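Welcome! Below are a few exercises to work through with the structure open beside you. Try each task before reading its solution.

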Amino acid sequence: MRIALISDVHSNLEALEAVWEKVKKADVVLCMGDLVGYGASPNEVVEFVRERMEERTFLCVRGNHDNAIAFGLDWGFNPYAREAVRWHQRVMTIENLEFLRRLPVRGLFTDDTERSYILIHGSPRAPLDEYLFPWLPDSEFQSVLSYIRQDDLLVGHTHVPMLKVIGERRIINPGGVGQPRDGDWRAAYAIIDTKKELPDNVEFHRVEYEVEEAAKKIMEAGLPRFLAYRLYEGY
Ligand code: ZN
């Protein structure tokens, strides 16, 4: 079985389309949230996901940006993100906002080897908000895992790819599709191949996408220019 992991699309349709070409043959797609926020194509991204959720196994949880936009919140964000949150609230359709409101905060999946996964945007301790950065000490990851019973924890939120192995369990972040923050501008995703041996059966991938088009749309929408420039930097 091949399990595709994606996260943090952030209204970047061009990046999502490029990643989709790579993951569409996987048996299941698991998404750790933040479909929207920052970018200029929120309705297009949500509709792309909604259509494909009907056709195949595609599980998606709610991120902090999805939550803020869907429920009309804008606190706790830096000024650029807040401006984008407000812009999203103005341009998104009622149906697409309703879709975001219905996304679960946690998702569960079991693969063909009976290995169990829980999907959470941030962490089990603060599902929408806590950042699990790769440089945290192992004791932090051990503590985080004590809140859940599944074998593996799948997260997003940091936009930094990560594989942490703690005993027999793992914490995996595929990196960001629509706004990578590890210095590589290309869209990130990961594939778990359950035929391969644990714990290294996760492959991390990058794919180039039409970044000029995504950046141009951000400028044309009147969103902060910084949100367009950062796409080229991978930060
Ligand atoms: Zn994010």
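Ile148 is buried, with a relative accessible area of 11% (buried means under 20% relative accessible area, exposed over 50%, partly exposed in between, using a 1.4 Å probe and protein chains only). This is a predicted model, in which local features need pLDDT of at least 70 and side-chain atom pairs count only at pLDDT 80 or more, while totals for chains, interfaces and linings use all residues. Residues are numbered from 1 along each chain as its sequence is written, and side-chain values use heavy atoms, with hydrogens and water left out.

## Exercise 1: around Ile148

Task: Find where Ile148 lies and list its contacts beyond its neighbours within four places in sequence.

Solution. 
- Step 1. Look in the loop between α6 (138-145) and β6; Ile148 is there. Helices (H or I, at least four residues) and strands (E, at least two) are DSSP runs, numbered from the N terminus.
- Step 2. With those neighbours set aside, Ile148 is in contact with Ile118, Pro124, Leu153 and Arg169, where contact means heavy atoms within 4.5 Å.
- Step 3. Take the pair Ile148 and Ile118: they are 30 residues apart in sequence, and their C-alpha atoms are 8.2 Å apart in space.

## Exercise 2: the sheet and its helix

Task: Work out the strand order of the open sheet, then find which strands helix α1 touches.

Solution. 
- Step 1. The five strands of the open sheet come in the order β3-β2-β1-β9-β10, with mixed pairing. Two strands pair if DSSP finds at least two bridges between them.
- Step 2. At the edges are β3 (58-60) and β10 (202-207), each pairing on one side only.
- Step 3. Now compare pairings: β1 and β2 run parallel and are joined by four bridges, whereas β9 (residues 187-193) and β10 are antiparallel over six bridges.
- Step 4. Ile3 stands opposite Val28 in β2, and Ala188 has Arg206 in β10 as its bridge partner.
- Step 5. Helix α1 (residues 13-23) packs on the sheet, touching β1 (2-6), β2 (28-31), β3, β9 and β10. The direction of α1 makes about 20° with that of β9; axes are lines fitted to C-alpha atoms, for helices over the stretch in contact, and angles run from 0 to 180 degrees between N-to-C directions.
- Step 6. Eight of the 11 residues of α1 are buried, including Leu13, Leu16 and Trp20.

## Exercise 3: the zinc ion

Task: Which residues are the protein donors of the zinc ion, and why is their arrangement irregular?

Solution. 
- Step 1. The donors are Asp8 (OD), His10 (NE2), Asp34 (OD) and His159 (NE2), lying 2.1 to 2.6 Å from the ion. Donors are N, O and S atoms within 2.8 Å of the metal (3.2 Å for Na, K and Ca); water is not among the atoms, so sites may look incomplete.
- Step 2. The four donor atoms subtend angles of 85 to 176° around the zinc ion, which makes the arrangement irregular. Four donors count as tetrahedral if all angles lie between 85 and 135 degrees; four count as square planar and six as octahedral if opposite donors are over 155 degrees apart and all others between 65 and 115; anything else is irregular.
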